[in-house]
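Here is a short report on a helix pair and a chain interface. The sequence and structure come first.

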Amino acid sequence: MGSRIVEVVLKALVGGAFVLAFAALAETLSPKRLAGVFSAAPSVALASLIVTAGFTGVGDVLASAHGMWIGAAGFALYCVAAVPLVRRWGAWRGALAALTVWGAVAAAGYGLAPSEAHSHRPGVRTPSGWEP
Amino acid sequence: MGAVTASGGDDDRVRLRPGELRRPPKRDWAIRFAFGAGVSALAAAVSIVAGPRAGGLFLAFPAILLASVTLVAKEEGVREADDEIRGATLGALGLVAFAVVVGLTAGVWPLWASLTAAALAWGAVSLGLYAAARLVRAGRPRS
């Protein structure tokens with residue numbers, strides 16, 4: 001249980017740091033559309049997958065990546081929905097309302113996409129596959 | 001301010017301005033860190049409770065964009081926020097490529113190589129699409 005808490009805290013700290021790094025890069029870039037590309041950078045994913053590999057192994061990294069396929073498709077559709085909603089309702093309410101699109105895609109994709117037997121792939125080493 | 005300029009155009013030039021880092025108040029950086037830490041913790045908690053595949057969904061949760069768009073709209077206007085979201089659409093398509101590359105290579109390649117390839121795939125897809133969109137817009141007649 002203790003190691004689980006350490007894992008969550010470590011992911012939070014490393015994830016926050018990666019998000020700040022990409023946000024700093026975006027802040028220095030113009031035009032805004034190019035900076036926006038970095039608002040969808042894999043900052044949380046990189047941080048979480050590195051820590052996951054250290055704690056639970058590559059099998060969980062693979063399973064996380066399969067979930068991320070669905071989440072990323074939802075993210076793209078979120079953006080498509082957010083543009084008209086932000087214009088209509090303003091930034092906070094529009095961007096918040098568009099989250100329902102992400103939620104719908106994530107729920108449908110998670111329910112419909114086949115769960116792959118990631119841990120049975122030849123060559124996958126557990127519990128730790130991190131090779132510095 | 002010593003901006004580094006990458007291409008031509010009147011007000012749509014690609015610029016790198018390190019001096020802009022001093023502009024946002026510290027509170028904005030704290031908000032971004034909090035959103036990043038919060039989403040990472042949420043993904044970790046969901047992984048523990050419902051499994052890594054469910055947690056993986058939240059590795060592409062748009063909370064950071066939500067924070068960024070709100071801050072940009074407050075400080076620079078809704079039009080700029082609109083542009084930020086349009087750019088993020090390209091970044092999100094890059095995230096799909098990132099996840100696919102990790103899914104195909106993790107466990108086969110060393111993890112550092114898999115994540116490096118995935119990050120490069122994200123950059124190639126999202127920045128490639130951005131460059132293609134600029135070319136298309138540059139080719140359109142101005143009204």
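How many residues of chain B are in contact with chain A? In this predicted model, 79 residues of chain B touch 77 residues of chain A (contact means heavy atoms within 4.5 Å).

## Basis

This is a predicted model, where local features need pLDDT of at least 70, side-chain atom pairs count only at pLDDT 80 or more, and totals for chains, interfaces and linings use all residues. Residues are numbered from 1 along each chain as written, chains are lettered from A and ligands numbered from 1 in the order written, and side-chain values use heavy atoms, without hydrogens and water.

## Interface of chains A and B

About 7100 Å² is buried between chain B and chain A (accessible area, 1.4 Å probe, lost on being put together and summed over both parts). Carbon and sulfur atoms give 74% of that area. On the chain B side, Arg53(B), Leu57(B) and Leu59(B) lose the most area to chain A, together 12% of what that side buries.

The two chains share 5 salt bridges (a side-chain nitrogen of Lys or Arg within 4 Å of a carboxyl oxygen of Asp or Glu). Arg23(B) forms a salt bridge with Glu27(A), with the closest N and O atoms 2.7 Å apart.

## Helices α1 and α3 of chain B

Helix α1(B) covers residues 26–50, and helix α3(B) covers residues 63–76 (helices are DSSP runs of H or I, at least four residues). They pack at about 160°, with axes 8 Å apart (axes are fitted to C-alpha atoms over the stretch in contact; angles run from 0 to 180 degrees between N-to-C directions). Therefore α1(B) is roughly antiparallel to α3(B) (over 145 degrees).

Key. Helix = DSSP H or I, 4+ residues; strand = E, 2+ residues; numbered from the N terminus. Parallel < 35°, antiparallel > 145°, perpendicular 65-115°, else oblique. Buried area = accessible area lost by both parts, 1.4 Å probe.
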